[in-house]
Amino acid sequence: SGFSLVFAYIVRKNGVNFLLYMLVYMNLLISQSNRWGMELEKHYIYLIPESSVKKIIYATFLENVKAFIIGLITFMIATLIYDISFLQGIVLGITYGTFTSVILFSDLVIRRILGAGLSVVAERLMRFLIILFMLIPGLIISFVLGLQINKYTAGQGTYLVLILYNILISLLLIVLSKGIFEKIDMK
C-alpha cells in the first residue's frame, strides 16, 4: 500500500479513486498468498462441530480484519495527501475492505467448485474472471445510483453503494462456497 500511495501521489489525477482501484487491483494480483488457505491444510477444521458457514467466517476472519485495517491506515494517510475529510477516508477504507472480502470469498467458491486439482494459472484465471463477473455490475450500479445518492450523503454515495453491493456479493459467495469444510477431500 506504500507503493500505491506514492504512485497515486505522483499521478494525482484522480486522487483517492485511483488509489482505491489500484489497491484493489494489486490485492487481486497478490491475493494468491492468503494465509487463510493454510486452514484447508489443517485437518482439525473439518472436525469442528460447526456449520460450514461459521468455519468459513472463522477461517477468513483475520484476513478480513487485516484488509480493513490496511484500508483504514492507507486512506487515513490519503486524507493528508489529498486533503479530503476523515469521514471520506474511513468510507474508502471500508470500501477497500469489502473489495478484499469479495476477492477472498471468490477463492472459496473456486475451491468449492473445482477442488484443489486446478493448476495455478487456471485458478488465477478463474478467480480473475469470477471477480470481474461479480464486480463490474457493482461498479456500474454504484456509478448510476451513487450520483443520485451523493446529493444526500455528502459525496459518499458511490462508495456506500459499492460497500453495500460488495457485502451482498460476499454473502452470496459464502453461501455458494458452503460445504468446503465438510469433506477433507475438498482441499
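Analyst: An axis here is a line fitted to C-alpha atoms, for a helix over the stretch in contact, and angles between N-to-C directions run from 0 to 180 degrees. The model discussed below is predicted.

User: At what angle do α2 and α4 pack, and how far apart are their axes?
Analyst: Two packed helices are described by the angle between their axes and the distance between the axes. For α2 and α4 the angle is about 155° and the axes are 10 Å apart.

User: Is α2 roughly parallel or roughly antiparallel to α4, and what is the hand of the crossing?
Analyst: α2 and α4 pack at an angle of about 155°. Angles over 145 degrees count as roughly antiparallel, so α2 is roughly antiparallel to α4. As for the hand, α2 passes α4 in a crossing that is right-handed.

User: How many helices and how many strands are there in the protein?
Analyst: Read from the N terminus, the elements run α-α-α-α-α-α-α. The count for the protein is 7 helices and 0 strands.

User: What percentage of the residues of the protein count as buried?
Analyst: A residue counts as buried if its relative accessible area is under 20%. The protein has 187 residues, and the share that counts as buried is 44%.

User: Which residues of the largest nonpolar core touch the most other members?
Analyst: In soluble globular proteins, nonpolar side chains tend to be buried together. The largest nonpolar core here holds 33 residues, and those that touch the most other members are Val-16, Leu-20, Phe-75, Leu-92 and Leu-173.

User: Which element gives the largest share of this core?
Analyst: At least two residues of the core come from each of α2, α4 (52-82), α5, α6 (120-149) and α7. The largest share is 10 residues, and the element that supplies them is α5.

User: How do the axes of α5 and α7 cross, and are the two helices roughly parallel or roughly antiparallel?
Analyst: The axes of α5 and helix α7 (residues 157-176) come within 8 Å and cross at roughly 20°. The crossing of this pair is left-handed. Angles under 35 degrees count as roughly parallel, and α5 and α7 are therefore roughly parallel.

User: How do the residues of the contact of α5 with α7 divide into nonpolar, polar and charged?
Analyst: The contact belongs to the pair whose axes come within 8 Å. Its residues divide into 16 nonpolar, 7 polar and 1 charged.

User: What kind of aromatic pair do Tyr-21 and Phe-99 form?
Analyst: A search of the whole structure finds 1 aromatic pair. Tyr-21 and Phe-99 make up an aromatic pair with ring centres 6.3 Å apart and planes at 70°. Planes over 60 degrees apart count as edge-to-face, so the pair is edge-to-face.

User: How many residues apart in sequence are the parts that this pair ties together?
Analyst: Tyr-21 lies in helix α2 (residues 15-30) and Phe-99 in helix α5 (residues 86-114). The pair therefore ties together parts whose separation in sequence is 78 residues.

User: What is the phi of Asp-83?
Analyst: Most residues other than glycine have a negative phi. Asp-83 lies in the loop between α4 and α5 and, with a relative accessible area of 72%, is exposed. Although Asp-83 is not a glycine, its phi is positive, at about 55°.

User: What distance separates the C-alpha atoms of Ser-52 and Ser-177?
Analyst: Ser-52 lies in helix α4 and is buried, with a relative accessible area of 4%. Ser-52 and Ser-177 are 125 residues apart along the chain, and their C-alpha atoms are separated by 8.7 Å.

User: How far apart in space are Ile-169 and Thr-98, C-alpha to C-alpha?
Analyst: Ile-169 lies in helix α7 and counts as buried at 9% relative accessibility. Ile-169 and Thr-98 are 71 residues apart in sequence, and their C-alpha distance is 9.4 Å.

Definitions and conventions:
Residues numbered from 1 in each chain as written. Predicted model: local features only at pLDDT ≥ 70, side-chain atom pairs only at ≥ 80, totals over all residues. Heavy atoms only, no water. Phe/Tyr/Trp six-rings, centres within 6.5 Å; stacked < 30°, edge-to-face > 60°. Helix = DSSP H or I, 4+ residues; strand = E, 2+ residues; numbered from the N terminus. Parallel < 35°, antiparallel > 145°, perpendicular 65-115°, else oblique. Left-handed = near helix turned anticlockwise from the far one by under 90°. Nonpolar A, V, L, I, M, F, W, Y, C, P; charged D, E, K, R; others polar. Core = buried A, V, L, I, M, F, W, Y, C linked by side-chain atoms within 4.5 Å. Buried < 20%, exposed > 50% of the residue type's maximum accessible area, 1.4 Å probe, protein only.
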